[in-house]
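Here is my note on this model. Please read it with the coordinates open.

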Amino acid sequence: MIPLEEARAFVLSKCKVGELVLVPVDDASDLVTAADLAAAGPIPPFDNTAMDGFAIRSADLADAPVTLRMVGTIAAGAVPDIEVGPGEAVRIMTGAPIPPGADAIVMVELTSMSSDETTVDVTRSVPVGNHIRPMGDDVTPGQLVFPAGTPLRPAHLGVCTSIGIYDVPVHARPRVGVISTGDELVDEPRPLGIGQIHDSNRHTLLALVRGMGATGIDLGLVPDDEDLIRQAMVDAAATCDAVITSGGVSMGDFDYVKKVLTEIGDMRWMQVAIKPAKPLAFGTVSGTPVFGLPGNPVSSMVSFELFARPGIRKIMGHAQPVVPSITGVAGADMVRRPDGKTHFARVSTTIRSDGRYEASFSGGQGSHQLSAMAAANALAVIPDGDGVVEGDPVDLLLL
Ligand code: AMP
Ligand code: MG
């Protein structure tokens, strides 16, 4: 058996970071910047008011309450071409530029306007700069806003357009093909024949792929037929940036995936020292990484988390392909026997009063028991040995 780290290092060595492309900002969510993004100018681009109210001269309010002369109105988006002189006020709306002469904003709640709108009473004094958002307060000119390697979440996309970047240099969103293999699989809502089961892996894996911001390509079901599997692999490798298959990588007579991949790909069939998901067939077909995950539904998901997610993250340009685990506490005994493998238990967590995650089995730990995976929000990493007892620290991979 190969240690997990060694198997994963092999996988990552074959996954190449995607090329730099310019992507419209609205299509860039969850992608990773491929170049440094700097601001050409300041944000905000001009001094502006944070409040609806009146632009005034702070010194005029020293003896408040006072009455000021109204000399105009400036809306958001307007040019501030009204000078505020001593004893004067300009009505102003949030986001509007500060007019010349004014040095503070008094919010509308502290004022009352005369019915003919020629004067305004101000009840209180305010300091210089009151409610003024200075130019460059958020971003200064030339500031490195996002270094290369920044994953783009919604706020980042807003910052991009704030600084005038509508096409963002990112690593291309990878197209990840997902294939299920197995004669027993059915993919329609009809009663099952003897020996048949519904295909669950492809739907789960497509959702995992899409959930991380890659494009999931549904490449359907392929029966346990060597020629059909070969054709499906060749086609998938030609049209995708990565391919994920499930099933057919074990020791069974009809496990053709590893056989075919050994023939057509630079493939390595590995027995990884983990449970579940021991068998993994991984390699490249025409340069495209192919992840041959095991068929058992829990195994395919665990294998996705341990190998496919890091591989796809690397392709996407993430600086840290392997998502780090956190340390929690065992909420109950999790016993096991020494078998040379690291076990990944399906657990659900609660947060203790000391803020640490406490983990307990979320259900049956069989590799076919997908409902326990659905109930889990983490995988507990149980090192080789006799397991952990209640209260022991335990590493958790959050799902
Ligand atoms: P295999 O890895 O092909 O030997 O399959 C191992 C187990 O996983 C068998 O019980 C299969 O029926 C099951 N299995 C394989 N592929 C799928 C799938 N796509 N959805 C649900 N179960 C599957
Ligand atoms: Mg099979």
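**Notes on the model**

1. Basis. This is a predicted model, so local features need pLDDT of at least 70, side-chain atom pairs count only at pLDDT 80 or more, and totals for chains, interfaces and linings use all residues. Residues are numbered from 1 along each chain as its sequence is written, chains are lettered from A and ligands numbered from 1 in the order in which they are written, and side-chain values use heavy atoms, with hydrogens and water left out.

2. Cysteines. C160 is buried at 0% relative accessibility. C15 is buried too, with a relative accessible area of 0%. (Buried means under 20% relative accessible area, exposed over 50%, partly exposed in between, with a 1.4 Å probe and protein chains only.) The whole structure holds 0 disulfides, a disulfide being a pair of cysteine sulfur atoms within 2.5 Å.

3. Ligand shell. There are 17 residues around ligand 1, counted when a heavy atom lies within 4 Å. E184, D199, S200, G248 and G295 come nearest.

4. Polar contacts (pairs of N or O atoms within 3.5 Å). The side chain of E184 places an N or O atom 2.5 Å from an oxygen of ligand 1. Please check that pair. The backbone of G295 has an N or O atom 3.0 Å from a ligand 1 oxygen. For N201, a backbone N or O atom is 3.4 Å from a nitrogen of ligand 1. The protein buries 78% of the 480 Å² that ligand 1 exposes when taken alone; areas come from the Shrake-Rupley method with a 1.4 Å probe.

5. Cis peptides. I43 to P44 is cis, with omega near -5°. P44 is found in the loop between β2 (37–38) and β3 (48–49). Strands are DSSP runs of E, at least two residues, numbered from the N terminus. A64 and P65 are also joined by a cis bond, with omega about 5°. P65 sits in the loop between β4 (53–56) and β5 (66–74).

6. Positive phi. Most residues other than glycine have a negative phi, and most peptide bonds are trans. D30 has a positive phi of about 75°. D30 lies in the loop between β1 (20–24) and β2 and is partly exposed at 33%. A277 also has a positive phi, near 75°. A277 lies in the loop between β19 (274–275) and β20 (279–285) and is buried at 3%.

Notes: Polar contact = N/O pair within 3.5 Å; in protein donor to acceptor, adjacent residues only side chain to side chain. Helix = DSSP H or I, 4+ residues; strand = E, 2+ residues; numbered from the N terminus.
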